[in-house]
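Thanks for asking me to look this one over.

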Amino acid sequence: MGGAALELFHALSEPESAAARRLVADLGLVDAVTFRNVAFDSHRAALAAAGGARTPALLEGGRIHEGLDAIRAALAPHARR
């Protein structure tokens with residue numbers, strides 16, 4: 001992929017997080033995105049440290065994108081379809 005690292009902060013029980021995980025797969029980016037389940041304290045803390053307050057959220061380099069629409073827009077340029 002090159003460029004910024006991509007980290008998806010998600011919660012397993014949230015429908016919008018599930019949709020974000022499917023989006024990563026649909027775009028062919030599973031190998032390019034690190035999945036960070038906020039059920040783990042360290043992942044929840046990393047989300048907060050990046051300025052995120054809710055899931056799903058995508059950290060792209062130093063920029064946080066919260067919500068499915070924002071994640072969709074941020075991932076589009078990285079798509080490998």
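This is a predicted model: local features need pLDDT of at least 70, side-chain atom pairs count only at pLDDT 80 or more; totals for chains, interfaces and linings use all residues.

1. Let's start with the helices. Two packed helices are described by the angle between their axes and the distance between the axes. Helix H1 covers residues 15-26 and helix H3 covers residues 68-75; their axes come within 10 Å and cross at roughly 10°. Angles under 35 degrees count as roughly parallel, so H1 is roughly parallel to H3.

2. Which residues meet where H1 and H3 are in contact? From H1 come Glu 16, Ala 19, Ala 20, Leu 23 and Val 24, and from H3 come Leu 68, Ile 71, Arg 72 and Leu 75. By type, the residues of this contact are 7 nonpolar and 2 charged, with no polar ones.

3. Ala 25 also belongs to helix H1. Is Ala 25 buried, partly exposed or exposed? Its relative accessibility is 41%, so Ala 25 counts as partly exposed. Ala 79 is 54 residues away from Ala 25 in sequence, yet their C-alpha atoms are 9.8 Å apart in space.

4. Now to strand S1, residues 6-10, where you will find His 10. His 10 has a relative accessible area of 4%, and buried means under 20%, so His 10 is buried.

5. What does His 10 touch, leaving aside residues up to four places away in sequence? The list is Ser 17, Arg 21, Phe 35, Arg 36, Asn 37, Val 38 and Thr 55. With one of these, Arg 21, His 10 makes a side-chain to side-chain polar contact at 3.1 Å.

Technical notes: Residues are numbered from 1 along each chain as its sequence is written. Side-chain values use heavy atoms; hydrogens and water are left out. Axes are lines fitted to C-alpha atoms, for helices over the stretch in contact, and angles run from 0 to 180 degrees between N-to-C directions. Helices (H or I, at least four residues) and strands (E, at least two) are DSSP runs, numbered from the N terminus. Angles under 35 degrees count as roughly parallel, over 145 as roughly antiparallel, 65 to 115 as roughly perpendicular and the rest as oblique. Contact means heavy atoms within 4.5 Å. Ala, Val, Leu, Ile, Met, Phe, Trp, Tyr, Cys and Pro count as nonpolar, Asp, Glu, Lys and Arg as charged, and the others, Gly among them, as polar. Buried means under 20% relative accessible area, exposed over 50%, partly exposed in between (1.4 Å probe, protein chains only). A polar contact is a pair of N or O atoms within 3.5 Å; within protein, one must be able to donate a hydrogen and the other to accept it, and residues adjacent in sequence count only if both atoms are side-chain atoms.
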